Amino acid sequence: MTVKLTLLGLLLLSLGTFCVGHDGHDEDQMPLDYVRYPYQAAAAYPGDNSVTADAIFSGITTFAKLPWVQCLTKEKDVPFDIAFIGAPFDTGTSYRPGARFGPAGIRAGSRRLTLYGGYNVPLAVNPFLAGLRIVDCGDIPVTPYDNTVAIKQIEEGHRALLHRAPFSALPNDTHTGTPLTPIARDGKHHPRVITLGGDHTIVLPLLRSVHSAYGPISVIHFDSHLDTWKPSVFGGAPSDRAAINHGTYFYWASREGLIANGSSIATCHGAIRTTLSGPADYANDDESGFQRIEAREIDTIGTDGIIKKIRETVGEKPVYLSIDIDSIDPAFAPATGTPETGGWSTRELRTILRGLDGLHIVSADIVEVAPAYDTNAELTTMAAADVLFEVLSVMAKTPLGKLVN
């Protein structure tokens with residue numbers, strides 16, 4: 001009996017040694033072959049002709065199994081090129097709440113993104129093996145009790161990431177070999193941040209953050225709703241706090257000078273396929289500087305025509321990309337706060353996003369994913385993750401630099 005107990009003790013001690021990391025904190029419960037930054041080892045993210053279909057359902061759930069970095073707390077000095085960050089806020093919704101659980105749901109929906117390695121065939125890139133440091137920063141701490149405080153928390157959290165020095169320097173131009181210079185108005189090279197919402201209210205503080213580096217920014221907005229409503233119309237604005245919500249944030253962004261009026265485009269996926277209070281809503285939308293692509297236009301001009309309209313409007317300007325999951329028809333993405341029938345399919349939206357290849361997307365978000373209304377098959381969260389995979393691929397191919405004449 002003594003011998004058996006001794007052997008058992010040695011076995012437990014041995015297992016404990018393997019489970020505890022070098023510093024006793026960060027690596028707790030990490031796999032033995034864990035590689036913090038996947039681009040540094042092909043074994044973490046399979047490359048061409050490597051072993052795939054590993055146990056991607058295991059381990060801590062980060063977006064696409066990216067390394068988790070505590071970017072806003074004890075790892076503030078860790079540089080990155082692209083960061084995913086959650087903004088679990090949904091107290092600006094007008095119909096169905098639940099998007100505060102969106103970040104967790106989207107991460108769960110992303111687990112299978114690298115099942116076969118992560119190579120994007122249409123865009124001919126594997127963003128996970130493109131030489132960039134891509135991380136998941138977890139969530140911004142957001143209070144559910146005070147929208148004014150929460151909006152400030154989201155802006156400050158995003159700005160802290162946006163103004164961090166990126167891991168990689170700007171490369172040379174692929175055609176001329178000439179060094180690129182930053183496109184940001186402040187003259188600095190910034191990393192990119194992809195935000196997991198959260199309801200669409202979060203875009204106001206996100207645009208305030210982006211403005212601090214880029215000035216007034218062009219916006220590509222996929223949505224089934226205008227989101228430029230006057231507060232006196234959308235909700236009636238019973239208080240200053242209530243006047244900022246997921247239907248009015250672009251109204252405020254326009255009046256604060258955060259967006260480049262006249263060069264933004266609201267490609268509301270199923271765009272503006274919702275009802276209105278009347279034609280005045282469109283007049284107000286025009287004042288806010290947006291052009292509209294209706295959802296039904298896909299039946300006449302197709303995805304190529306929609307891509308052409310977007311690119312002609314945005315041009316070569318730096319652009320912020322905001323994607324409401326309700327741009328996809330509820331047949332494909334039912335789990336959202338304000339569903340509208342008659343939208344685009346997941347395939348159509350992904351095609352349009354790939355058509356943005358070459359644009360300077362400085363930051364992006366996906367919002368209004370409310371997992372409680374999803375099916376057991378996780379249709380909506382998988383669609384959201386796949387949409388962001390296209391966005392990430394476009395970002396990985398196009399550095400945020402320009403040639404100086």
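Q: Contact means heavy atoms within 4.5 Å; which residues does histidine 200 touch, not counting residues up to four places away in sequence?

A: This is a predicted model, in which local features need pLDDT of at least 70 and side-chain atom pairs count only at pLDDT 80 or more, while totals for chains, interfaces and linings use all residues. Residues are numbered from 1 along each chain as its sequence is written, and side-chain values use heavy atoms, with hydrogens and water left out. With sequence neighbours up to four places away set aside, histidine 200 touches His221, Asp223, Asp227, His246, Tyr249, Ser322, Asp324, Asp365, Val367 and Glu368.

Q: Where does histidine 200 lie, and is this residue buried or exposed?

A: Helices (H or I, at least four residues) and strands (E, at least two) are DSSP runs numbered from the N terminus, and histidine 200 lies in the loop between strand S4 (192–197) and helix H4 (203–214). Buried means under 20% relative accessible area, exposed over 50%, and partly exposed in between (1.4 Å probe, protein chains only); histidine 200 counts as buried because its relative accessibility is 0%.

Q: Which residues does UniProt list for "binding site"?

A: UniProt positions follow the numbering used here, with shortened feature names, and annotations may be inferred rather than shown by experiment. The unreviewed UniProt entry lists His200, Asp223, His225, Asp227, Asp324 and Asp326, which are spread over 127 residues of sequence yet cluster in space, with a largest C-alpha distance of 12.6 Å. Aspartate 223, found in the loop between strand S5 (218–222) and helix H5 (249–255), is likewise buried, at 0% relative accessibility. A polar contact is a pair of N or O atoms within 3.5 Å, where within protein one must be able to donate a hydrogen and the other to accept it, and residues adjacent in sequence count only if both atoms are side-chain atoms; such a contact, of 3.1 Å, joins the side chains of aspartate 223 and histidine 200.

Q: How many residues of H4 are buried, and what covers the buried residues of H4?

A: Nine of the twelve residues of H4 are buried, among them Val203, Leu204, Leu207 and Tyr214. The cover over these buried residues includes helix H3 (147–162), S4, S5, H5, strand S8 (319–324) and strand S9 (361–367). From its first C-alpha to its last, H4 reaches 15 Å, close to the 16 Å expected at 1.5 Å a residue, where the expected span is 1.5 Å times one less than the number of residues. Glycine 215, with a positive phi near 75°, follows the helix.

Q: Which strands does S8 pair with, and which residues cover its two faces?

A: Two strands pair if DSSP finds at least two bridges between them. S8 runs parallel to S5, with five bridges joining them, and pairs with S9 in the parallel sense over six bridges. Within this arrangement tyrosine 320 is the bridge partner of valine 219 and stands opposite serine 363 in S9.

Q: What does serine 363 reach with its side chain?

A: Serine 363, which is buried at 0% relative accessibility, reaches the backbone nitrogen of valine 193 at 3.4 Å with its side chain. Leaving aside neighbours within four places in sequence, its contacts include His158, Leu162, Val210 and Met395.

Conventions. Contact means heavy atoms within 4.5 Å.
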